[in-house]
Amino acid sequence: MKDYIRFEIITEDRVGMAYKVLEVFYKNNLSIDSLEVFPNKCNVKFKWIDKEILDTLLDEFYKTDGIISVKKTELLNYEIDEKKLCTVINAVEKGIIAVNKNLKIEIFNYYCEEYFNIEKEKVLGQDIRKFFYNKPNIIKLIKDVQEFENVKLKIENDGEENLYLISLKTINDDENKNHGFVISIKDFDGAMKIANAVLQNDGGAFRKIIGNSPKIQRVKEMILAVAKSDSSILLRGESGTGKELFAKAVYELSDRSDKEFIVLNCAAIPDSLIESELFGFEKGSFTGALTGKEGLFKMADGGTLFLDEVGELSMAMQAKLLRVLQDGTIRKLGGIEEEQVDVRIIAATNRDLEKMVETNEFRGDLYYRLNVIPIFIPKLNERVEDIPHLTNYFTNKFNIKYGKNVKHIDSEFINQLMNHKWKGNVRELKNVIERSMLFCRGSVLKGYNIPVYSKTGINFKYNDSPFDKNDKLKVIINRVEKQIIRDVLKESKSIRKAAKKLGVSHTTVINKMNKYNLKDHCKE
């Protein structure tokens with residue numbers, strides 16, 4: 001049975017019609033819950049009455065001078081607007097809490113129900129301070145009705161602490177008198193994803209260079225400044241800092257981006273083969289040369305050639321590279337004709353070229369040809385503020401690669417990463433996150449997921465014994481998976497609760513229990 005009846009009453013457009021409508025209700029001893037008044041219409045909402053009283057009410061309306069028609073309607077205009085607003089509030093991917101001037105909660109959207117693990121019916125009308133009783137800094141800002149943005153907040157849900165960003169905006173009238181405020185709560189991981197998307201949107205060139213620390217920003221600004229030129233660039237930085245990504249960014253921002261970008265790792269090719277790789281060779285120029293081949297310089301003509309680990313070139317090869325940079329000409333191995341090429345050179349090294357020049361391990365003239373625009377890529381320990389961005393980026397990548405469902409990253413996990421001395425830079429960080437995700441037991445990366453290394457293999461706090469470093473990856477994964485499922489089943493004492501904690505379906509847990517013979521560890 002419905003709780004309310006709603007009427008749309010069409011009237012003549014004259015003064016006093018709303019009073020006449022109210023008078024009919026008064027005569028029949030009925031109360032109105034809501035009334036909307038328009039120039040030629042009144043909408044009314046009142047509690048449900050039986051048919052006999054309703055028929056009497058309708059007769060009174062039609063006897064009233066100036067009332068043209070009466071018909072039932074589903075919702076009043078303000079109710080439609082309220083539903084639209086609620087739909088919008090619930091569609092926003094953040095928690096929204098509207099609070100009146102008495103600090104009572106009036107709106108508590110779907111995402112807040114998820115974040116706080118409580119139904120809105122239980123909190124509407126409650127004091128907002130109840131939710132932040134253990135956060136004195138936020139309580140003070142709320143009491144002072146002081147606006148703030150992106151204050152970090154930990155919320156415990158099902159025994160897990162997740163990190164959020166909370167903001168407050170005041171509701172003021174035209175005279176700046178306060179009538180309450182709105183609190184918005186963003187999932188920290190979701191905010192990081194958006195931040196990464198923004199940081200990567202520099203015409204696409206910096207999409208894989210994650211981070212916005214001052215040192216990385218300076219590198220990006222320098223690349224933007226020099227990319228359009230044809231000057232040689234020398235990228236300096238330790239192994240694992242991502243020098244090739246920066247070289248690719250230079251190329252994509254240059255006027256040569258519609259041509260080839262060719263990469264050669266000088267340390268990966270034997271010195272006896274590197275000349276033919278760079279310059280190409282003619283048919284019959286050496287044993288086994290049954291056909292000729294174009295070299296990388298020719299393939300990169302009009303484009304860019306990236307020479308990684310350039311400090312590993314032999315002195316003889318350095319001399320030949322210098323000639324190309326000076327004259328812009330190449331000659332194939334076994335050939336007699338010179339060919340003109342137009343190639344922009346970007347080189348990279350992790351070695352101390354200046355010292356190598358002093359010890360005659362690297363040609364000084366080539367060094368000055370390559371070092372026209374030196375760009376120094378910072379070590380990860382010099383840009384630790386980028387670690388949360390990098391962690392989120394790699395987590396998303398490995399979620400896709402391994403079919404994982406890691407949705408949150410615990411603050412302890414981030415803190416441990418930020419306090420570590422990264423000798424292998426971003427490459428080492430990537431490897432640690434990959435390993436951590438492989439052994440993550442649920443949807444949250446926690447501090448104890450970070451592997452601890454020893455001579456006997458990889459160890460984790462929740463494992464009984466370290467893994468043998470000679471074990472195959474599949475064996476390790478199965479062993480960890482079995483142990484995790486067994487532990488969670490013991491803790492949960494229910495397959496459905498275990499499935500929820502692990503972030504997988506009920507059927508998946510049953511299949512894993514059968515696979516690892518864990519049927520006796522839990523009852524449904």
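Which residue is the bridge partner of Ser34 in β3? The partner of Ser34 in strand β3 is Lys45, and the legends below begin with the sheet that holds this pair. The model shown is a predicted one, in which local features need pLDDT of at least 70 and side-chain atom pairs count only at pLDDT 80 or more, while totals for chains, interfaces and linings use all residues. Residues are numbered from 1 along each chain as its sequence is written, and side-chain values use heavy atoms, with hydrogens and water left out.

**View 1. The hairpin of β2 and β3.** Strand β2 (residues 34-38) and strand β3 (residues 41-47) run antiparallel and are joined by five bridges, and with two residues between them they form a hairpin. Helices (H or I, at least four residues) and strands (E, at least two) are DSSP runs, numbered from the N terminus, and two strands pair if DSSP finds at least two bridges between them. Besides Ser34, which is partnered with Lys45, Glu36 stands opposite Asn43 in β3. Strands of a sheet pair in general through backbone hydrogen bonds, in either a parallel or an antiparallel way.

View 2. Axes here are lines fitted to C-alpha atoms, for helices over the stretch in contact, and angles run from 0 to 180 degrees between N-to-C directions; contact means heavy atoms within 4.5 Å. An unreviewed UniProt entry gives the annotation "domain: ACT" for residues 6-75, and over residues 6-75 the chain is 34% helix and 34% strand, with the end C-alpha atoms 7 Å apart. UniProt positions are given in the numbering used here, feature names are shortened, and annotations may be inferred rather than shown by experiment.

**View 3. Thr64, in the loop between α2 and β4.** Thr64 counts as buried because its relative accessibility is 17%, where buried means under 20% relative accessible area, exposed over 50%, and partly exposed in between (1.4 Å probe, protein chains only). Leaving aside neighbours within four places in sequence, Thr64 is in contact with Lys20 and Val24. The C-alpha atoms of Thr64 and Glu23 are separated by 9.8 Å, although these residues are 41 residues apart along the chain.

**View 4. Two lysines in loops, Lys332 and Lys283.** Lys332 lies in the loop between β15 (329-330) and β16 (339-340), and is buried because its relative accessible area is 14%. Apart from neighbours within four places in sequence, Lys332 is in contact with Phe279, Gly280, Phe281, Glu282, Lys293, Glu294 and Glu339. Lys283, found in the loop between β12 (280-281) and β13 (293-294), is exposed, with a relative accessible area of 63%. Not counting residues up to four places away in sequence, Lys283 touches Ala289, Leu290, Thr291 and Gly292. For "domain: Sigma-54 factor interaction", UniProt lists residues 209-438 in an unreviewed entry; over residues 209-438 the chain is 44% helix and 15% strand, and the end C-alpha atoms are 24 Å apart.

**View 5. Positive phi at Leu103 and Glu309.** Leu103, a residue other than glycine, has a positive phi near 65 degrees; its place is in the loop between β5 (95-100) and β6 (105-108), and Leu103 is buried, with a relative accessible area of 12%. Glu309, also other than glycine, has a positive phi near 55 degrees. Glu309 lies in the loop between β14 (304-308) and α11 (315-327), and is buried at a relative accessible area of 15%.

**View 6. The packing of α18 and α19.** Helix α18 (residues 495-502) and helix α19 (residues 506-515) pack at an angle of about 105 degrees, with their axes 8 Å apart. The two helices are therefore roughly perpendicular to each other, since angles under 35 degrees count as roughly parallel, over 145 as roughly antiparallel, 65 to 115 as roughly perpendicular and the rest as oblique. Ile495, Arg496, Ala499 and Leu502 of α18 make the contact with His506, Val509, Ile510 and Met513 of α19.
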